[in-house]
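Try each task before you read its solution.

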Amino acid sequence: MSEPQGSKLIRTLLDFDRFTADDVRAILNTTDVMAQVLERPVKKVPALQGFTVATLFYEDSTRTRLSFERAARAQSADVMTFSKGGSSVSKGESLRDTVATLEALAVDAFVVRHPSAGAAHQVASWTDKAVINAGDGRRAHPTQALLDVATYERSVDAPVEGRKLVIVGDVAHSRVARSNAALWRLLGADVTVCGPPTLMPQHGGLPEGVTVETRLDRALDGAHAVMALRLQQERMHEARFASPAAYAEQYQITEARLAGAQDDVKVLHPGPMNRGVEIDGRLADGPQSLVTQQVAMGLPVRMAVLYHLLVGKGGSA
Amino acid sequence: MTTQPLRTAIRGVHVMNGTEDLGVRTAVLSDGRIEGYDLDGPFDVEVDGSGLVLTNAFIDPHVHLREPGFEVKEDLASGLRAAAAGGFGTVVSMANTDPVIDNPEQVRGLLEKAADIPGARLRPAASLTFGLKGERLTDAAALQEAGAVMLTDDGIPVADSDVMRRACEWAADLGLVVQTHSEDPSLRGAGVMNEGAVSERLGLPGNPREAEAVMVFRDCQIAAMTGARVHIAHVTCRQALDVVRWFKAQGAPVTCEVTPQHLTLTDEALAAFDPMVKVAPPLRTAGDVEALTEAFVAGEVDCIGTDHAPHTLDEKRQDMLSAPFGIANIEVAFPLLVETLVQPGRMTLQALLHRFQHGPADVMGWDAPSLEPGSPADLVLLNLNDARTVEPHTFLSKAKFSPWEGDALHGWPVQTWVGGRSVFERG
Amino acid sequence: MSDPKATLFTADEIGRALTRIAHEIIERNKGSERLALVGVHTRGVPIAERLAARIADIEGREPAFGKLDITLYRDDLTEIALQPVVKRTEVPFDVSGMNVVLCDDVLYTGRTARAALDALVDMGRPNVIQYAVLIDRGHRELPIRADYVGKNVPTRRDEVVKVRLTESDGADEVLLVDRKDAL
């Protein structure tokens, strides 16, 4: 059996616009190996020895930041942390200046989370080092989508190709939804997004072939995987829906609502969950739920991404 | 002006403006006015105008000169000199400074300071409400007495319709122009670019055309109601044009302008996440650019307002949410439109000149620019023959960067006179 | 296919060398108890498989068998292609206390062996690690030697030793090729 091989040198993971299915398969294949490393007595390899990874978090997300930092250290890379409130990020220094400063400190990879869409693209335009988008505004969160695919495929021991993913909730404001829709489509899955009309994208903008549906029962028909998105309370104040209860009444994912889905349907949630709002708590804890596995998959996925972006022709360490 | 202007002859130059064409002449300037044509010497200064066009200096009803308060972006001296370099002889400065230009002393202060600056003439606007807060009306009569030529809260839409109505009632009585930045604040929301397929693709918050169109409708309605001369700043989309067109057909006292960027760039320019082209109202689609171009060529749009909006490079190099809105463009506005509209044959040079001269003069209710002897010698010499590259480092504006950097354009101003004095000469 | 300068090993010679090495392994380890053969991806794997089969024939007992990918342990990253290809490591037994024979096709600088040793000890604490190779071509950059060698071949650095095996390449042979012809 031959392993999938990426088609080109990849230095950035900003979104999946320039990725082929083979590029993604190469990373997912390495993810398997990284997961194996994490099961061993010595959960560390020297693969990225001599590399330095900087995390630039302009939005609070300790969980994602720690996941990237652990992924770097598990491969023996050094880590520098720049997070909001903790460093010069809070002192009004511009993103561009921070990147220039870190480049001068011989950083090899930037992991960027920022409230503004395109911030990681901007960083990539200022540096030739590796750049990973760890979430930019509502645009993209590619490592989350990779870990969601990896989690699902591992749970059913089959590729997502030909299967149906349904993403339910605030799709319009969700980078998780956008990246998952892009990635599952890229890998040959069917994707339907579902939620209130006020939380659906208004002008297309979703990847080609994604179905938009506002009726949950129709959306869930034949689904292999259902992803519930976190409902932000602030959207209520933006007049997008009447109340969390009213939202739950129509869009909460429950055992009963999954009746029309496949027998082996899996339930995903990017976390943190509002139990009783977008997802029924019992379902989240039940056998169909992959929520815990998703969290665990973050580490090997991010290890694989760092490895692929840093190693290869032109690797500088 | 400190020194007496010199008697100047501009030889062998094609003299024309938006309405007249005098052919190739030697133009003579003295005592701050056009003395006449093909007159005898002696002359203090002689300029070879062969192959060039001499025309009335341009009028810009919409510039941000940033003084007082934001001199790091631009000040009166740099802004008025940049305007002269762009061929402008008169500019109307916006009031969104710090402090806001909302009292007569500030208007007088600006005028005094500008009088010593060798550049375009300053005709300041004053704010429509105190502090641009949209609540209490400024003293329109006193502001006009001090020299303000326009009332506007530009930069911020006037959210309260009754405030807008009452301001227009004052303005109608005084004969002042009210200029409006027409966008519905709640519909605009936190949008940083045009809402549409591109904003969805880029994941950036969108600002829909309808936010502009509904506010343009309100402002036109209030113009019709009060009889005030209401000038709609920076129209950007087909919907807003349709509204303006309809009200004009009803005889409402409404005028509108379009910016050079909205005639030349689309929302696709934001695809590289470069905040350089982040403006408000936002760049729209190719369809809107075409609609604007048709209306501009047809004269349904009265004039160009550059909305010259300088910022520092550091400010414009932030992320897409944090970077401020605006492009500094006054030095490239005319050649950019020569290149975009005249060179390909979309409109004549004379029609374009009209939108920079008679158009804005009509909007402001000023005397029509004229080339008759005795008219003010606010003139610009243009080179339509040779292309020249946009080189932002040569800008006189403090904002030395441009979305059009590297573009080869025809129609650059070569020399500008204000009141018969040469205030700009291209090196 | 590149133009070989010489055939270093024919199919028959490869077979005989592996049989000899299998006997040596049994002799050195006094049988096949607690014996494990671990092949280094890619061509070390079929070599380990063949040695394991021979040892099973001789001893009547299958030694433990595993596959090791050492990509994550390499120190010569620039030799990795556009995108790295990492294969699964499959060592389905506890290496602690085992007599592990690492198997590879060619011993050259010793860097692969070094990486394999690191990878192996990260999995546990073997009783002993031995090293078996089909070809030793010299030019060591680290203090590493093989316990079992099919054939010692003097080479120049600008030459490439190409090992072809039926499992991966459709035939058994070892060729000597000029580097410029090797790609």
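An axis is a line fitted to C-alpha atoms, for helices over the stretch in contact, and angles run from 0 to 180 degrees between N-to-C directions. Helices (H or I, at least four residues) and strands (E, at least two) are DSSP runs, numbered from the N terminus.

Before you start, note that this is a predicted model, where local features need pLDDT of at least 70, side-chain atom pairs count only at pLDDT 80 or more, and totals for chains, interfaces and linings use all residues. Residues are numbered from 1 along each chain as its sequence is written, while chains are lettered from A and ligands numbered from 1 in the order in which they are written.

**Exercise 1. A helix pair**

Describe how α2(A) and α11(A) pack, and list the residues that meet.

Step 1. Helix α2 (residues 62-73) of chain A packs against helix α11 (residues 291-310) of chain A at about 60°, and the axes are 8 Å apart.

Step 2. α2(A) and α11(A) are therefore oblique to each other.

Step 3. Call two residues in contact if their C-beta atoms, placed from the backbone, lie within 7 Å. From α2(A) come A:Ser67, A:Phe68, A:Arg70, A:Ala71 and A:Ala72, which meet A:Gly298, A:Leu299, A:Arg302, A:Met303 and A:Leu306 of α11(A).

Step 4. Sort these by class: Ala, Val, Leu, Ile, Met, Phe, Trp, Tyr, Cys and Pro are nonpolar, Asp, Glu, Lys and Arg charged, and the others, Gly among them, polar. The contact of α2(A) with α11(A) then has six nonpolar, two polar and two charged residues.

**Exercise 2. A sheet in chain A**

Find the strand order of the open sheet of five strands in chain A, and say which strands stand at the edges.

Step 1. Strands pair if DSSP finds at least two bridges between them. The order is β1-β5-β4-β2-β3, with parallel pairing.

Step 2. β1 (12-13) and β3 (78-83) of chain A each have a single partner strand and stand at the edges, so one side of each lacks a neighbour in the sheet.

Step 3. Look at one pair: β4 (residues 109-114) and β5 (residues 130-136) of chain A are parallel, with five bridges. A:His114 has A:Asp136 of β5(A) as its bridge partner.

**Exercise 3. Hairpins in chain B**

Trace β1(B), β2(B) and β3(B) through their pairings.

Step 1. Strands β1 (residues 8-16) and β2 (residues 21-30) of chain B run antiparallel and share seven bridges. B:Ala9 stands opposite B:Val28, and a hairpin of four residues joins β1(B) to β2(B).

Step 2. β2(B) is joined by four bridges to antiparallel β3 (residues 33-37) of chain B. Here B:Ser30 has B:Arg33 as its bridge partner.

Step 3. The hairpin of β2(B) and β3(B) has two residues between the strands, and B:Asp31 takes a positive phi near 50°.

**Exercise 4. Chain contacts**

Which residues of chain A does α4(A) supply to the side that touches chain B, by number, and how do chains B and C relate?

Step 1. 21 residues of chain A are in contact with 16 of chain B.

Step 2. α4(A) gives the largest share of the chain A side, three residues. That side divides into six nonpolar, ten polar and five charged residues.

Step 3. Chains B and C have no contact, and their closest C-alpha atoms lie 26 Å apart.

Definitions and conventions
Parallel < 35°, antiparallel > 145°, perpendicular 65-115°, else oblique.
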